[in-house]
Amino acid sequence: MAGKQNEKRKAAKSEKRQEKQGKREKDAKPEKPEKAAKPAKAGTSGKRSGADGSGARPLRELLRVTPGERPDLGRLDPSATPGGPAGKAAGVAATALLAQPLGSLQERLYAASTAGDRRRVLLVLQGMDTSGKGGTLKHVIGLFNPSGCRIKAFKSPTEEELGHPFLWRIKQELPRPGEIGIFDRSHYEDVLIARVRELVPRNRVRARYAQINRFEQALADDGVTVVKVFLHIGHEEQRARLLERLDNPDKHWKFNEGDIEERTAWPAYQEAYEVALERCSTDAAPWYVVPADRKWYRNWAISTLLREHLEELDPQYPKGDFDVEECRRRLLAG
């Protein structure tokens, strides 16, 4: 009798051990691996690590027009934020954080020029009306010391300017060594509006692309870093911005009835820009297409492009040519 009870107890213990083992095996099953993050599509919302984009693909690689390739502006989303911060608040904060490094780089560029460094930067802004050229001057160039900037807004050529080759007036406004120059419109007007409105014969417009490329190559050879930005605004966004100007009496001074007429030529202007971007994006002076429907992204993107180019230049403060200790002694003695 005692032997049977011992066998029952052993069997019960064996069953309990098997149950515990089964539970441990069930609990020990490997977890399902996390799904890999999908890579961001170019021209949409590629994330950059950190507010300043450090450790990520340079923005100029994301936005650059490949030399010899014609971009299809109709397929490029003007409200996209490629490589940008996650949302307006983050974008505004990230742009503010760029003020210090941009200011430091500008000062170094100017300081280097006092020792004979001829390098300078030229930012060219092109885009349809209301695309944000003026806003860029206010929000981006405002991050720099104005004394080191040379800003020129090109309007319709004067009688004097019409008496010279089309690049003549451009050459008068180039930045000097150590400066950052900004063109609100530029020599590209002579292959944009001149093409769309047939202000000159088409064969003369065609010849100007090669002239522009030679001119910009000469600038690069002379130490000018040319940063050309096309502000890509959408047709409906432009309408909304023009209506805002009409609805606000304080903005009527910015409204031009001619802008309505220009909108009728939108397809022709898009084609003219595509041709200019294709023929004049070179290794020496590439074009960058910046989606401009979101003003915060436009400001961040252009600020970031300038930072990247200035960091590549890496200007250095010149060394003093005097005896520091002797000067300190003389000051203390006086």
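Where does Glu198 lie? I started my notebook with this residue, and I found Glu198 in the loop between α8 and α9 (202-221).

**Entry 1: the model itself.** I am reading a predicted model, so I looked up its confidence before going on. The chain has an average pLDDT of 86, and 84% of the residues reach at least 70. Two stretches made me careful. Over residues 1-8 the pLDDT stays under 50, and I found 0 contacts beyond four places in sequence for them. Residues 10-16 also stay under 50, again with 0 contacts beyond four places in sequence.

Entry 2: Is Glu198 buried or exposed? Its relative accessibility is 62%, and exposed means over 50%, so Glu198 counts as exposed. I also checked the backbone: phi of Glu198 is near 50 degrees, a positive value in a residue that is not glycine. Arg185 has a positive phi too, near 70 degrees, and is likewise a residue other than glycine. I located Arg185 in the loop between β3 (180-184) and α8 (193-196).

**Entry 3: strand β4.** Next I turned to β4, residues 224-232. How many of the residues of β4 are buried? I noted 9 of the 9, so the strand is largely enclosed by the rest of the structure. In a regular strand, side chains alternate between the two faces of the sheet.

**Entry 4: the neighbours of β4.** Which strands pair with β4? β1 (residues 120-127) is joined to β4 by 8 bridges, and the two run parallel. In that pairing I see Val124 opposite Lys228. β5 (residues 287-291) also pairs with β4 in the parallel sense, over 5 bridges. Here Val229 has Tyr288 as its bridge partner in β5.

**Entry 5: two helices meeting.** Two packed helices are described by the angle and the distance between their axes. I looked up both for α3 (residues 88-97) and α13 (residues 295-313): their axes come within 9 Å and cross at roughly 35 degrees. The crossing of α3 past α13 is left-handed. On the α3 side I listed Lys88, Gly91, Val92, Ala94 and Thr95, which meet Trp296, Asn299, Trp300 and Ser303 in α13. Sorted by class, this contact has 4 nonpolar, 4 polar and 1 charged residues.

Key: Residues numbered from 1 in each chain as written. Predicted model: local features only at pLDDT ≥ 70, side-chain atom pairs only at ≥ 80, totals over all residues. Heavy atoms only, no water. Axes fitted to C-alpha atoms, helices over the stretch in contact; angles between N-to-C directions. Helix = DSSP H or I, 4+ residues; strand = E, 2+ residues; numbered from the N terminus. Left-handed = near helix turned anticlockwise from the far one by under 90°. Contact = heavy atoms within 4.5 Å. Nonpolar A, V, L, I, M, F, W, Y, C, P; charged D, E, K, R; others polar. pLDDT = per-residue confidence, 0-100. Buried < 20%, exposed > 50% of the residue type's maximum accessible area, 1.4 Å probe, protein only. Pairing = 2+ DSSP bridges.
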